[in-house]
Amino acid sequence: MAKKANYQLIAETKDFIIVNKAAGLLSIPDRFRPDEVPNLYHMLKADFGEIYIVHRLDKDTSGIICFARTAEAHKNLSLQFEERKTKKTYWALVLGQPYPEEGRIDAPIAKHPTIAGRMAVARKGKPSITDYSTLETFKQHSLLACDILTGRTHQIRLHLKHLGHSLVVDPSYGGQDQFFLSEIKGRKYRSAKYAEERPLLKRVPLHAYQLQIADPSSGESLSFQAEPPKDMRATLSQLRKWAKA
């Protein structure tokens, strides 16, 4: 599999490309500066030729994303997403331990009434559904799998806040700005003299782990997975070592 600084190629067919996107990279061109801000779409177009946008991931979200390679495949895949025939599973590292350990968050979402670029749960918002299940629990944190049945902006982040378990790092929706090893180890943490502690996480710990689609040509059900990036793996490793529930 080809691996570059900003993406890892997971699968390539005549109809589509599946890649594992790095965190911190836009999926598609910026609305206001389309040719100035680096984005995955332009990178893949340079590497593979003509491609079509099917869906997207937020800039700080890592993981599986699909692009079509023909107009016909684009129409087919877009319809699969629109009709909710795909399955998208994300891994999310959250504050606390949800009870019950699995469930459904059914809460409509709309644009925030006063804060630009932010979303809010609102009675008259668009229908939004997220199923969650607990993969691992730690003393003060949990790793969840989230399946989204709708694709609203910031859906998982907002729904987890609504559940009472925001992402560990997410200043927009109840999390903190950064997450440090000292927060896991507590009194056992010893820093190097005069050294400033570097954060384990400094972006939302949300990773698109799995995508299931139907092959546009054959109709065969296909499933693709991508392991989380280094920052999430390192954080989980430290939680498993020092903070098992």
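**View 1. The largest pocket.** On a 1 Å grid over the protein atoms alone, a pocket is an open set of points where a 1.4 Å probe fits, with protein on both sides within 12 Å along at least five of seven lines. Grid points are joined across faces, edges and corners, and a volume is the space filled by probe spheres set on the points. The largest pocket has a volume of about 1100 Å³. This is a predicted model, in which local features need pLDDT of at least 70, side-chain atom pairs count only at pLDDT 80 or more, and totals for chains, interfaces and linings use all residues. Residues are numbered from 1 along each chain as its sequence is written, and side-chain values use heavy atoms, with hydrogens and water left out.

**View 2. The lining of the largest pocket.** Lining residues have an atom within 4 Å of a point of the pocket. There are 32 of them, and Arg 31, Arg 56, Asp 58, Thr 153 and His 154 lie nearest the pocket centre. Strand S7 (residues 109–111) contributes three residues, the most to this lining; helices (H or I, at least four residues) and strands (E, at least two) are DSSP runs, numbered from the N terminus. His 154 is found in the loop between S10 and H3. His 154 has a positive phi of about 60° although it is not a glycine. With 15% relative accessibility, His 154 counts as buried (buried means under 20% relative accessible area, exposed over 50%, partly exposed in between, with a 1.4 Å probe and protein chains only).

**View 3. The largest nonpolar core.** A nonpolar core is a set of buried Ala, Val, Leu, Ile, Met, Phe, Trp, Tyr and Cys residues joined through side-chain atoms within 4.5 Å. The largest has 28 residues, of which Val 19, Leu 40, Leu 44 and Leu 160 touch the most other members. Two or more residues each come from strands S1 (7–12), S2 (16–21), S4 (62–68), S5 (87–95), S10 (141–148) and S11 (206–214), and from helices H1 (40–48) and H3 (155–163). H1 gives the largest share of this core, four residues. In soluble globular proteins, nonpolar side chains tend to be buried together.

**View 4. Surroundings of Val 19.** Contact means heavy atoms within 4.5 Å. Beyond its neighbours within four places in sequence, Val 19 is in contact with Tyr 7, Gln 8, Leu 9, Ile 10, Leu 40, Leu 44, Gly 63, Ile 64 and Ile 65.

**View 5. Aromatic pairs.** Rings of Phe, Tyr and Trp (its six-membered ring) pair if their centres lie within 6.5 Å; planes under 30 degrees apart count as stacked, over 60 as edge-to-face and the rest as tilted. The whole structure holds three such pairs. Phe 16 and Phe 224 are edge-to-face, 6.0 Å centre to centre with 70° between the planes. Phe 16 in strand S2 and Phe 224 in strand S12 (residues 221–225) are 208 residues apart. Phe 16 is buried at 0% relative accessibility, and Phe 224 is buried at 12%. Trp 91 and Tyr 209 have ring centres 4.2 Å apart and planes at 15°, so this pair is stacked. Because Trp 91 lies in strand S5 and Tyr 209 in strand S11, the pair ties together parts that are 118 residues apart in sequence. Both Trp 91 and Tyr 209 are buried.

View 6. A cis peptide bond, with omega about 0°, joins Tyr 99 and Pro 100. Pro 100 is found in the loop between S5 and strand S6 (102–106). Arg 84 is found in the loop between helix H2 (71–82) and S5. Its phi is near 60°, a positive value in a residue other than glycine. Arg 84 is partly exposed, at 48% relative accessible area.

**View 7. Thr 61 in its loop.** Thr 61 is placed in the loop between strand S3 (52–53) and S4. With a relative accessible area of 2%, Thr 61 is buried. Leaving aside neighbours within four places in sequence, its contacts include Lys 21, Tyr 90, Arg 203 and His 207.

**View 8. Cysteines.** A search of the whole structure finds zero disulfides (a disulfide is a pair of cysteine sulfur atoms within 2.5 Å). Cys 66 is buried at 0% relative accessibility, and Cys 146 is buried with a relative accessible area of 0%.
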